[in-house]
2 protein chains.
Amino acid sequence: MQYPEPIARLIDSYLKLPGIGEKTATRLAFFTIDMQEEDVINFSHSLVDAKKNLHYCSICGNITENDPCIICADKQRDRTKVIVVEQPKDVMSLERMREYHGLYHVLHGVLSPMEGKGPEDINITSLVKRLQKNSELTEVIIATNATPEGEATAMYISRLIKPAKIKVTRLAHGLAVGSDIEYADEMTLFKAIEGRQEI
Amino acid sequence: MQYPEPIARLIDSYLKLPGIGEKTATRLAFFTIDMQEEDVINFSHSLVDAKKNLHYCSICGNITENDPCIICADKQRDRTKVIVVEQPKDVMSLERMREYHGLYHVLHGVLSPMEGKGPEDINITSLVKRLQKNSELTEVIIATNATPEGEATAMYISRLIKPAKIKVTRLAHGLAVGSDIEYADEMTLFKAIEGRQEI
């Protein structure tokens with residue numbers, strides 16, 4: 001005996017999401033049937049709305065309802081600095097800090113020879129074009145993740161941009177605030193010592 | 001800075017699902033935006049379809065498109081036996097075995113004094129009524145989970161039904177097929193010894 005067709009189709013839909021296997025998909029599908037009808041309808045609409053109404057900003061690649069995005073369109077922001085990040089989520093994380101008022105550039109990925117991802121597969125060309133057009137720009141801050149791919153991407157971009165006499169910086173590596181030295185891994189400790197500062 | 005409204009709403013929707021926290025909901029929402037439009041629309045429809053087209057069978061409580069469900073409606077099935085389970089999922093699991101051809105009864109929960117769930121909160125009254133109406137019935141097999149609540153529910157139902165001179169049985173507890181004694185817990189081993197059979 002198979003599941004009734006509507007629930008089998010819903011399980012298939014949940015299965016398409018990342019990190020969700022057969023068991024979880026089934027649990028979510030049965031949960032959906034027990035949800036309030038209003039919540040299910042809202043969920044259904046929010047899926048389609050998010051897909052249809054969100055686009056990538058044609059300037060920075062961030063996710064946005066309007067093009068250009070509110071950050072690129074904001075005349076108040078400091079146009080001398082651009083932070084380069086991997087994903088739109090990273091922009092949100094940095095914005096939550098409320099201390100940075102410059103611009104962003106979202107790569108939508110990293111260089112990864114293992115997965116066959118080269119410079120043409122991520123948003124690098126548009127970054128270079130953007131730097132050429134924007135004469136106010138003095139500093140590019142690379143904020144790719146502290147992974148081997150993130151580091152390689154940072155190096156690649158830095159070499160690409162440096163000839164244009166733009167300052168290229170990288171976020172500091174070191175101990176997370178509030179963390180214990182006891183639990184820090186060797187690479188982090190090494191970077192923390194390497195980047196030590198006078199107090 | 002907040003997320004654009006459509007994605008914030010989608011994150012809220014994902015957050016309503018069980019076992020999904022803020023981080024996973026955000027990841028799923030961003031994943032949704034990168035999905036094929038067709039897949040998102042299918043997902044959206046399958047949610048509403050499952051909610052609107054599925055009901056609980058008025059006889060056994062199983063999930064179904066048509067009432068009564070195909071098992072209750074199937075004249076070929078053995079009407080002398082009813083397996084009592086906690087959830088519709090359990091019916092599917094037992095049906096996958098392809099060895100049982102009797103009927104089912106879905107409780108939609110278990111007795112749980114800790115959560116304030118009494119006999120009136122689960123599908124017990126309808127089970128008793130069903131037994132009274134169906135004179136062919138000779139055996140009720142209780143297949144609630146092997147948890148304290150499942151056991152208590154099994155005992156409760158058994159006491160309720162026995163006076164009607166219907167045979168009440170419980171699924172055997174013991175070692176799972178293919179499992180190692182080394183890794184079995186004490187309760188399982190105890191049940192396995194208690195239920196030992198001559199070979």
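Predicted model: local features only at pLDDT ≥ 70, side-chain atom pairs only at ≥ 80, totals over all residues.
User: How many residues of chain B are in contact with chain A?
Analyst: There are 53 of them, and they touch 53 residues of chain A.

User: And what area is buried between chain B and chain A?
Analyst: About 5,200 Å², with carbon and sulfur atoms giving 72% of that.

User: How many salt bridges are there across the interface?
Analyst: The rule finds three between chain B and chain A. One of these three pairs B:Arg9 with A:Asp49, where the closest N and O atoms are 3.3 Å apart.

User: Which one gives the most?
Analyst: α3(B), which puts 16 residues into the side of chain B that touches chain A.

User: How do the residues on that side divide into nonpolar, polar and charged?
Analyst: On the side of chain B that touches chain A, 27 are nonpolar, 14 are charged and twelve are polar.

User: Now symmetry. What rotation superposes chain B on chain A?
Analyst: A rotation of 180°, with 0.0 Å of shift along the axis, and the RMSD is 0.1 Å. That relation is the one a two-fold axis gives.

User: Which residue of chain B comes closest to the rotation axis?
Analyst: B:Ser44, whose C-alpha is 2.2 Å from the axis.

User: Why do the copies meet through the same surface?
Analyst: Because 100% of the interface residues of chain B are also interface residues in chain A.

User: Changing topic: where does UniProt place the zinc finger region in chain A?
Analyst: The unreviewed entry puts a "zinc finger region: C4-type" at residues 57-72 of chain A.

User: How far apart are the end C-alpha atoms of residues 57-72?
Analyst: In chain A they are 8 Å apart, and the chain over those residues is 19% helix and 12% strand.

User: Where does UniProt place the Toprim domain?
Analyst: At residues 80-176 of chain A, again according to an unreviewed entry. That span is 33% helix and 18% strand, and its end C-alpha atoms lie 28 Å apart.

Methods:
Residues numbered from 1 in each chain as written. Chains lettered and ligands numbered in written order. Heavy atoms only, no water. UniProt positions renumbered as here; feature names shortened; annotations may be inferred. Helix = DSSP H or I, 4+ residues; strand = E, 2+ residues; numbered from the N terminus. Contact = heavy atoms within 4.5 Å. Buried area = accessible area lost by both parts, 1.4 Å probe. Salt bridge = Lys/Arg side-chain N within 4 Å of Asp/Glu carboxyl O. Nonpolar A, V, L, I, M, F, W, Y, C, P; charged D, E, K, R; others polar. Least-squares fit on C-alpha atoms with pLDDT ≥ 70 in both.
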